[in-house]
Amino acid sequence: MTADDAALLEELREMWMAHDSPPADLVATMIAAVAAAGLDDEWEVLVLMRDSADGPAAPVRGLGTSRILYFTAAEGWSLDAELDEGQVRGQLVDFDGDLGSVEVVVETTDGQRWVTPLDEVGFFALRAEPTGSLRFTVRHGDHAASSRWVEL
Amino acid sequence: MGTMVAMSEDRRAEGQPVLSPWDMASGAFIAWRSGDAGAMDELVTAMTPVLWHVVRAYGHDRQSAEDVVQATWLGFVRLHETIKDPQAVASWLITSARRGAAAHARTARRAAPVQDETLHAALPHAESAEALAVLDDEASRLWGAVASVDERCRRLLRVVAFMDRPDYQSLSQDLDMPVGSIGPTRARCLAKVRTALTKGRER
């Protein structure tokens, strides 16, 4: 876009903002509508039940370098995940659906993101070294269940 | 993107940067996903005015525009987990609002099968706020210039003006234009506005 076009578009935007502004109570009404729709209730549907960082060091894992996380979903299935030396791997357990349609997403708060399908028995493995805080999302069809951020 | 730069680089007198609504939206969404429940209010506060202007670009009256904006937020409540890139939350909301506005316009046309010509005769102009607002001279000239161009141009310009990084692919579907023609069409529409401004000054 040329500088002249950008400047004219900016003038137009300011004109619309000044002379066709939204009703004064629209923001408050929308905040109330979102709150009433129960957004927070729907969000945390993948709940962290166990974190190896919270308990005694994992003696069964020898060197104990891995971090083990165990999540459950309201739908009844669970997600086991292990973070160890450049890998994130795990398994979806008791999932009552088509495992082939499931994707596991690993995200970090600094913008890293990895996505992987499951194998036929529900295992996944990613080459990834997440840093900061991490979150898991399990997608299947139109549904997704995400955890809260877990600090690494 | 000129509009984005202009907004992002705007600064307060105290020297504090003023974030654009799109930057505020992504920051709030990331904070909310990190567990800050209050950040959702910031997201709604930042994006509701932007959604308003995008919906109004489709010529809806103010009450209908409110309805479409609210439907956009309720859709967000249902589908927010499908937003893969939190930086894209503003684009997601704007796209949803555009589609809601277009769908509402189609429904309204079916519900009130009035000939376009009749509507044009009945209304002072498609953007009725133009006729109602009290404008200063410069705004009045701009408003008149925009009002003089065709509806497709007005819609394209108003939507693009409130987008951070225009998503030409979805815009092309919504506005029924080939992807490659959106940039040139925007330039032609701006040229029409500029020409109308010049003619207005000559009068």
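Chain B comprises 11 helices and zero strands in this predicted model. Its pattern along the sequence is therefore written entirely with one symbol, α-α-α-α-α-α-α-α-α-α-α. Chain B meets chain A across an interface in which 39 residues of chain A are in contact with 56 residues of chain B.

**Chain B as a whole**

- Chain B has 203 residues, of which 45% count as buried.
- Among contacts in chain B between residues at least 6 apart in sequence, 61% join residues at least 24 apart.

**Ser26 of chain B**

- Ser26(B) lies in helix α2 of chain B, which spans residues 21-33.
- Is Ser26(B) buried or exposed? Its relative accessible area is 5%, so Ser26(B) is under the 20% limit and counts as buried.
- When neighbours within four places in sequence are left aside, Ser26(B) is in contact with Pro86(B), Gln87(B) and Val89(B).

**The interface between chain A and chain B**

- The two chains bury about 4400 Å² between them, and 68% of this area is on carbon and sulfur atoms.
- Four salt bridges are counted between chain A and chain B.
- One salt bridge joins Arg194(B) to Asp5(A), with the closest N and O atoms 3.0 Å apart.
- Eight residue pairs are in polar contact between chain A and chain B, both residues being at pLDDT 80 or more.
- On the side of chain A that touches chain B, at least two residues each are supplied by α1 (3-19), α2, α3 (39-43) and β8 (133-140) of chain A.
- Helix α1(A) provides the largest share of that side, 13 residues.
- By class, the side of chain A that touches chain B has 21 nonpolar, four polar and 14 charged residues.

**Helix α2 of chain A**

- Helix α2 of chain A covers residues 26-36, and its buried residues are Leu26(A), Met30(A), Ala33(A) and Val34(A).
- Viewed down the axis of α2(A), these buried residues fall within an arc of 95 degrees, so they line one face of the helix.
- An α-helix has 3.6 residues a turn, so residues three or four places apart point the same way.
- Which exposed residues does the face of α2(A) turned away from its buried side carry? That face carries Ala28(A), Ala35(A) and Ala36(A).

Definitions and conventions. Residues are numbered from 1 along each chain as its sequence is written. Chains are lettered from A and ligands numbered from 1 in the order in which they are written. This is a predicted model: local features need pLDDT of at least 70, side-chain atom pairs count only at pLDDT 80 or more; totals for chains, interfaces and linings use all residues. Side-chain values use heavy atoms; hydrogens and water are left out. Buried means under 20% relative accessible area, exposed over 50%, partly exposed in between (1.4 Å probe, protein chains only). Helices (H or I, at least four residues) and strands (E, at least two) are DSSP runs, numbered from the N terminus. The arc is that of the directions from the helix axis to the C-beta atoms. Contact means heavy atoms within 4.5 Å. Buried area is the accessible area (1.4 Å probe) that two parts lose on being put together, summed over both. A salt bridge is a side-chain nitrogen of Lys or Arg within 4 Å of a carboxyl oxygen of Asp or Glu. A polar contact is a pair of N or O atoms within 3.5 Å; within protein, one must be able to donate a hydrogen and the other to accept it, and residues adjacent in sequence count only if both atoms are side-chain atoms. Ala, Val, Leu, Ile, Met, Phe, Trp, Tyr, Cys and Pro count as nonpolar, Asp, Glu, Lys and Arg as charged, and the others, Gly among them, as polar.
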